[in-house]
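User: Hi, I'm new to this structure. Could you walk me through some of its side chains?

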Amino acid sequence: MPLPARTRTAVHAARLARPAVRRKRPTVLTWGLGADSTAEILMFLNDPVAHGLEPDMSDLVIVHAVTGDEFSDSLSFADRLVLPLLRAWRVRLVQVCRGGPRDADGVLVLDDSRAPRRIHAAGPWRLSDELRTAGTVPMLASGQRRCSIRFKGWVLDTWAAHEFGTETFRRVIGYHADETGRALKDSAIQDELNTAAGRIICEPDYPLIRAGMARAAVERYVLDNLGEMILKSHCTMCPFTGVCSSRDLYEERLRAHPAEAARVLRMEYISLALNERMSLYGPSGSLHQRLAEDGRNRPVLDAFQADLEQTPYAVYEVRRITGLGRTKDCRRWHGKDCTEPKWWCTQQRKPRCRRVHVIVDQDGAPVDAEPHCLGDDKRCRGAQQKGPTWRSVRTVYEAPRERAEGFVTRFAERYPERARLVAGETSGIRRAHYLPESEGLPHAEAFIVAAPAGVADKQRPGFEERWTEHTGARPVFRPLRDLPKPAPRRRSAGGPAPLHRAKAAGNVALTA
Ligand code: SF4
Ligand SMILES: [Zn+2]
Ligand SMILES: [Zn+2]
């Protein structure tokens with residue numbers, strides 16, 4: 001039965017008539033617009049008291065982190081079917097987003113209302129802005145989704161720190177009954193955070209797990225209550241759709257939104273141009289390849305090609321240098337600073353070395369001690385340990401596509417003994433490499449490549465010195481612009497990043 005949208009019903013009146021209970025800790029429900037958190041909203045609306053809320057839900061705050069890249073139909077679903085309920089029950093909805101690329105830009109409250117009219121599509125700094133200017137795609141860092149941490153987790157935590165200060169709140173999360181592993185992990189992380197803070201910041205709560213509702217039951221519940229099947233909620237360029245949505249559903253959605261699909265493909269194209277390994281799915285292949293396997297995706301690929309023809313292009317000079325890193329053994333036995341490196345500080349010990357060259361006590365039992373192997377035997381020495389890669393990207397030419405690509409080809413043709421034109425294995429994008437190929441570490445590569453404009457010039461301080469030290473070479477091309485000056489460090493007054501509120505003119509939030 002769909003919930004009544006516009007009027008307070010007798011049921012609601014009865015709830016309000018129940019005796020007031022002592023003020024409980026506030027409840028924060030993080031709404032990602034997907035089935036799980038939407039089902040939780042509906043469960044709360046259907047029976048707030050059973051879920052530990054005040055009958056009028058005055059102690060409930062629904063918070064939505066705006067990444068700026070949701071599919072438009074997810075926004076429309078929420079606008080049409082959920083917001084009328086929130087308005088009818090006067091539930092507070094807060095919409096927050098990043099204020100800019102730096103944490104110092106703070107968090108922007110786009111809307112904070114008990115009568116929300118729409119879900120904001122974007123704030124002043126979208127995830128896609130960040131990825132486009134960095135010339136990359138969403139990726140994992142130390143096993144975590146960096147994009148989600150920056151555009152959702154950090155935004156929500158910062159808002160909560162301002163909203164609640166030291167007051168404890170209940171944090172409701174939409175893990176369903178098949179996600180108990182994720183919930184346990186989340187709980188453990190929160191315990192650690194609470195311990196580190198010396199107080200209970202918040203207590204996580206998982207109503208769907210408590211109700212024993214798995215994904216199918218959740219979707220059915222939303223359908224029963226809202227009368228429409230809910231769509232998966234994730235950014236248009238999310239490569240983790242294996243979790244959020246199946247490949248078939250994702251491709252079907254891209255077909256329904258060819259313009260959005262073309263933007264995702266363009267983002268992947270730029271990322272691949274700068275690094276052949278950086279497709280949307282990394283080693284599992286590119287989105288473009290996947291779409292090309294199904295003839296039904298032809299219009300999407302055509303829209304993408306048309307987009308490439310029209311978009312302004314740039315020629316980027318990309319230089320990358322990867323040095324030697326420290327092995328786990330080195331970190332373990334030589335601590336933070338390795339002052340007297342052994343061969344195994346930068347090179348892996350092979351399993352044979354660990355087996356044969358082991359220190360034992362008088363009873364022959366292995367002793368946990370610093371490796372003593374001198375590495376004279378080649379069978380002991382494994383692969384070199386890769387260190388971090390430093391990348392410099394500089395724009396050296398800007399023109400329409402044909403001229404920009406011609407620039408790259410002409411360079412390779414004019415200096416055949418120095419440059420070689422190589423087409424990427426995954427992307428087919430042609431790059432003119434101008435450093436001799438080398439093996440082992442440190443490893444340096446340099447090329448120019450044509451791709452849609454928009455990537456910001458970027459390299460870390462000290463890059464030129466390191467580059468010259470390793471290659472003896474200078475950049476071949478003159479960059480069009482100086483590197484942007486690093487923004488002055490704002491002195492932190494301690495505490496969370498600032499919270500700003502968007503000014504509104506009528507129904508429009510002014511975000512910049
Ligand atoms: S939906 Fe995907 S791309 Fe968007 S923030 Fe989450 S993990 Fe990143
Ligand atoms: Zn060492
Ligand atoms: Zn050895």
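This is a predicted model: local features need pLDDT of at least 70, side-chain atom pairs count only at pLDDT 80 or more; totals for chains, interfaces and linings use all residues.

Analyst: Residues are numbered from 1 along each chain as its sequence is written, and side-chain values use heavy atoms, with hydrogens and water left out.

User: Are the rings of Tyr 175 and Tyr 206 stacked or edge-to-face?

Analyst: Rings of Phe, Tyr and Trp (its six-membered ring) pair if their centres lie within 6.5 Å; planes under 30 degrees apart are stacked, over 60 edge-to-face and the rest tilted. That rule gives 10 aromatic pairs. For Tyr 175 and Tyr 206 the centres are 6.0 Å apart and the planes at 25°, so the pair is stacked.

User: Which ring does Arg 466 lie over?

Analyst: A charge sits over a ring if NZ of Lys or CZ of Arg is within 6 Å of the ring centre and within 35 degrees of the ring normal. Arg 466, at 4.5 Å from the ring centre, lies over the face of Trp 390.

User: Which residues is Asp 307 in contact with, leaving aside its neighbours within four places in sequence?

Analyst: Contact means heavy atoms within 4.5 Å. Asp 307 counts as buried, at 17% relative accessibility. Leaving those neighbours aside, its contacts are Ala 262 and Arg 266.

Conventions: Chains are lettered from A and ligands numbered from 1 in the order in which they are written. Buried means under 20% relative accessible area, exposed over 50%, partly exposed in between (1.4 Å probe, protein chains only).
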